[in-house]
Amino acid sequence: MTSRLTDLPEWKALAAHYEEVRGIHLRELFARDPRRAERFTLSAEGLMLDYSKNRVTEETLRRLAALARACGVETARAAMFAGQPINRTENRPVLHVALRNRGNTPIYVKGVDVMPEVNRVLARMQAFARDVRSGAWRGFTGKRIRAIVNIGIGGSDLGPAMAYEALKAYSQRDLTVRFVSNVDATHIVEATRDLVPAETLFIVTSKTFTTQETMTNAQTARAWCLAALKDEKAVARHFVAVSTNAKEVARFGIDPQNMFEFWDWVGGRYSLCSAVGLALMVAISPEHFLAMLDGFHAMDRHFAQAPLERNMPVILGLLGIWYNNFFGAATHAILPYDQYLCRLPAYLQQADMESNGKSVDRQGRPVGWQTGPIIWGEPGTNGQHAFYQLIHQGTKLVPADFIGFCKAVNEVGLSRASRDDHHAKLMANCFAQTEALAFGRTAAEVATATEVAGRPELVAHKVFEGNRPTNTILADELTPAVLGALIALYEHKIFTQGVIWDIFSFDQWGVQLGKELAGKILPELIAQTEPELRHDSSTNALIRRYRGEP
């Protein structure tokens, strides 16, 4: 991009257009066009996106697509799929798409096709998963493995943990699977409290095998295991590694033959489809894991090939630009109406905020526009009884994505047509919320309601302004393939927005400073004698309070 974003003619045209349409209500937009829902609905790879309840017209979308082209979204997309080093600050390609390249077309990094290595690791993962699931892999005492504990943090934890919850219905139920990330000892203690060391296998996931939180938890798990099994040789049967550092893996006691590699062109928050997903593959089977990869790949191809105006990730990205940069919406809610997706908001929180939480452009200059939004959410209907009040009647504009399924994984109730059916009630709430947020309830409508009869002072409190934008993403059923397509949808949305904001979405320098300072403070917390403290007065006082010093 040669021009600053806000200097582009396409941006200025959007700003002028915003002034023209900002006051239009969704009631008016739907009244004007009886076919609005049809015009603003798109289906791709098992997902249906209804974006009709957004404060946009066809002209808005044309202008947004023009901005995307002016910002080079199509060129950047091609560069990513071609393996070019678009992660410029680390001089790396960004090739999570290679991990799920089910077409197996060559993808090159520095002239070398990466697909043979990707396929080799994937084959090793499958063989290992089948051995654990079948009982062929035995612990040190010869007992079958009945518990898997994944130790990682960030992308090495959130991805597989989220996907395991999402696909729990497909998991081997006699195999306990848990995830430990927090360096707080409570996490590892509670995760192992009811497990049997002789029947437990730990998967330690750290690219360098030096990540402080991960290796602290791994050492605690190692001590817990050896306290029961009494032999250092047991480590090799109860620990495997997902890493690139064979020397440190061997020093820990893990056989390097049981190290599963991944590559520096895979960012942590995009690494679920790599060996980082090993615990998930063991839990749900290689076959279901591969089906998930199929879903990822299908959405990858849609994103790569569909024109911007009919491209689902691009449309979501452009709508986010519209609200974030023109309406000033600082947050975006992810609201899955499926309990299995309870960890999806947290997963997308990392994917989005770690990617696009940047304040300098690709030339290192301070941006003059708002970048990534705050991502948050909870599964429905829990959120309805928590924060929906603010979304409906608060002073903040909160765009939201509602995610639902036509068929329940767990069908409980008298029948689909019964008022006692759980899923019908769940989805009735989902659809009702988007309707209420869009159209609200006017003072005139409230005044005629029986609940305010004789109490006109209540009318203002019961008015719903409406005009609150939502997307609805609907699929037939939550399957591994659908989950893959859903995650890829959001990955590419994030990419699209990063290109338009002229920022690098695939580094995360913002997590480094706190780590560096923690490394300096730790020795001061555990020193036998009071160290000389050279921090600010607040930090010095906190350290002294922790040490119990006056």
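This is a predicted model: local features need pLDDT of at least 70, side-chain atom pairs count only at pLDDT 80 or more; totals for chains, interfaces and linings use all residues.
Hi everyone. Let me start with what I mean by a cavity: a set of grid points where a 1.4 Å probe fits but cannot get out.

How many cavities of 30 Å³ or more does a search of the whole structure find? There are 4. I'll talk about two of them.

Let's take the largest cavity, which holds about 80 Å³ of space. If you want to find it on the structure, look for Gly320, Tyr323 and Asn324, which are among its lining residues. Ala329, Thr331 and His332 also line this cavity, along with Pro373 and Pro399. Lys493 and Gln497 complete the list.

Which elements bring at least two residues each to that lining? They are α15, spanning 312-326, β10 at 331-336, and α21 at 480-500. Of these, α15 gives the most, with 3 residues.

Now for the second largest cavity, with about 60 Å³ of space. Helix α7, residues 115-134, makes the largest share of its lining, 4 residues. The lining includes Val118, Val121, Leu122 and Met125. Leu99, Glu261 and Trp263 line this cavity too, as do Cys273, Ser274 and Ala275. Here the split by class is 8 nonpolar, 1 polar and 1 charged.

Methods. Residues are numbered from 1 along each chain as its sequence is written. Side-chain values use heavy atoms; hydrogens and water are left out. On a 1 Å grid over the protein atoms alone, a cavity is a set of points where a 1.4 Å probe fits but cannot get out, and a pocket is an open set with protein on both sides within 12 Å along at least five of seven lines; lining residues have an atom within 4 Å of a point. Grid points are joined across faces, edges and corners, and a volume is the space filled by probe spheres set on the points. Ala, Val, Leu, Ile, Met, Phe, Trp, Tyr, Cys and Pro count as nonpolar, Asp, Glu, Lys and Arg as charged, and the others, Gly among them, as polar.
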